[in-house]
Amino acid sequence: MTWTTAYLAALADPAGTPPFMPQPRTFAPAETVRQRVRVLRGGTTLRLVLSNEFGRTPLVFDTVTIADAGLPVTCEGRTSWEVPPGGTATSDPVPLMFDAGHELTVDLTLGDNAEAGAYLHSAQRTGEVLGSGERFTSLYWITRVLTNAPANGPVIVAFGDSITRGDGTSADLDQRYPDHLQRRIGSAGTVLNAGIGGNRLLGPLFGPTLPDRFSRDVLGTREATHLLLLAGLNDVGLGATAAQITDALFALARRAEEHRIRPVIGTLTPTMGSVYETFRAAGTETTRVAVNEALRAQSDWPLIDFASEVSDPRDASRLAPALDSGDGVHPSDSGAAALAAAVDLDLFKGTGVAATR
């Protein structure tokens with residue numbers, strides 16, 4: 001049976017979480033963690049993929065359950081799971097009829113003390129520890145949901161940092177720009193969100209760098225047909241040159257092409273209204289403008305001018321006030337919708353599933 005990706009979360013190392021981000025939690029034995037993920041493709045059978053990629057000890061679950069359907073999820077025939085340090089575990093097939101857009105509720109009951117192992121600090125989806133009243137908007141362990149349904153039409157991996165991930169948008173309302181793009185495309189294709197807040201092209205901040213995780217998140221989606229690349233602002237803020245950033249973006253685009261994935265590159269959005277001094281430091285706007293000029297000048301790959309779509313008409317170095325989440329960097333729900341509206345859907349017409357890689 002061929003399995004395709006109905007949900008993707010690009011997870012990172014909890015131990016590398018900067019202090020200004022939500023911090024990961026250590027879970028105690030017998031705690032049940034309830035999390036929700038929205039699948040983008042339906043099917044009649046699913047499989048869960050749980051990650052302990054950055055863990056130092058085995059990750060043990062006494063039980064894993066699709067709570068909204070009351071279905072136990074086994075791994076290698078057992079109700080208990082052990083996910084090895086540095087690895088993932090994929091469930092046995094779970095018979096379940098579900099449609100695109102269905103929100104799965106997954107309960108994971110810990111069998112031992114567990115560090116996060118792999119998580120996404122900002123997932124814009126509320127989870128909870130049952131019985132304690134504790135709620136959080138990070139995502140732990142769930143990295144993919146696979147379906148037995150074929151991937152018809154384009155499969156677009158939105159690859160980037162916090163703007164792709166959706167930081168600044170409303171939790172539980174699916175207001176990230178890939179969500180809005182999915183609604184525009186509808187059943188004609190799939191948009192998978194592979195963003196990580198605090199991610200970089202050129203060095204560490206949070207998560208494996210985009211080049212380092214390209215194989216996992218892009219090539220690991222074997223049915224991917226397009227790469228939608230919006231990244232580089234964190235590198236601008238940390239002093240990279242325009243040439244370094246554009247070289248890294250173009251290298252990712254070439255890498256995608258080598259694997260028969262069509263790259264589409266986005267311009268970098270404004271940050272000079274930022275509440276974070278890093279993004280307003282001397283020279284950052286000059287660098288951002290130079291990156292965007294180089295992206296607009298190249299003719300090898302399609303370009304989405306995200307910057308023009310969300311900039312303030314009176315000052316292109318700032319987000320338009322109506323599209324700003326309030327921190328001067330991350331678009332609001334309306335701003336994320338504007339980013340999605342900037343994408344020319346004709347770029348994806350007439351494309352189907354890429355050859356297996």
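# Exercises on helix packing and burial

**Exercise 1.** State which residues of α5 and α7 meet.

*Solution.* From α5, the residues are Ala 242, Ile 245, Thr 246, Leu 249 and Phe 250; from α7, they are Thr 287, Ala 290, Val 291, Ala 294 and Leu 295. By class, the residues of this contact are eight nonpolar, two polar and no charged. Contact here means heavy atoms within 4.5 Å. Ala, Val, Leu, Ile, Met, Phe, Trp, Tyr, Cys and Pro count as nonpolar, Asp, Glu, Lys and Arg as charged, and the others, Gly among them, as polar.

The model is predicted: local features need pLDDT of at least 70, side-chain atom pairs count only at pLDDT 80 or more, and totals for chains, interfaces and linings use all residues. Residues are numbered from 1 along each chain as its sequence is written, and side-chain values use heavy atoms, with hydrogens and water left out.

**Exercise 2.** Describe how α5 and α7 are arranged: at what angle do they pack, and how far apart are their axes?

*Solution.* Two packed helices are described by the angle between their axes and the distance between the axes. Helix α5 spans residues 242-258 and helix α7 residues 284-297; their angle is about 40° and their axes are 9 Å apart. Therefore α5 is oblique to α7. The crossing of α5 and α7 is right-handed.

The terms are as follows. Helices (H or I, at least four residues) and strands (E, at least two) are DSSP runs, numbered from the N terminus. Axes are lines fitted to C-alpha atoms, for helices over the stretch in contact, and angles run from 0 to 180 degrees between N-to-C directions. Angles under 35 degrees are roughly parallel, over 145 roughly antiparallel, 65 to 115 roughly perpendicular, and the rest oblique. A crossing is right-handed if the near helix is turned clockwise from the far one by less than a right angle, and left-handed if anticlockwise.

**Exercise 3.** Repeat the analysis for α2 and α9: at what angle do their axes cross?

*Solution.* The axes of α2 (residues 177-185) and α9 (residues 333-341) cross at roughly 50° and come within 8 Å. Helix α2 is therefore oblique to α9, and their crossing is right-handed. Tyr 177, His 180, Leu 181 and Arg 184 of α2 meet Asp 333, Ala 336, Ala 337, Leu 339, Ala 340 and Ala 341 of α9. These residues divide into seven nonpolar, one polar and two charged.

**Exercise 4.** Which residues of α9 are buried, and what covers them?

*Solution.* Buried means under 20% relative accessible area, exposed over 50%, and partly exposed in between (1.4 Å probe, protein chains only). In α9, the buried residues are Gly 335, Ala 336, Ala 338, Leu 339 and Ala 340. Their cover includes α1 (162-165), α2 and α8 (306-310).

**Exercise 5.** Is Gln 124 buried or exposed, and is Arg 260 buried or exposed?

*Solution.* Gln 124 sits in the loop between β10 (119-120) and β11 (127-129). Its phi is near 55°, a positive value in a residue other than glycine. Because its relative accessibility is 4%, Gln 124 counts as buried. Arg 260 belongs to the loop between α5 and β18 (262-266). Arg 260 also is not a glycine, yet has a positive phi of about 60°. With a relative accessible area of 62%, Arg 260 is exposed.
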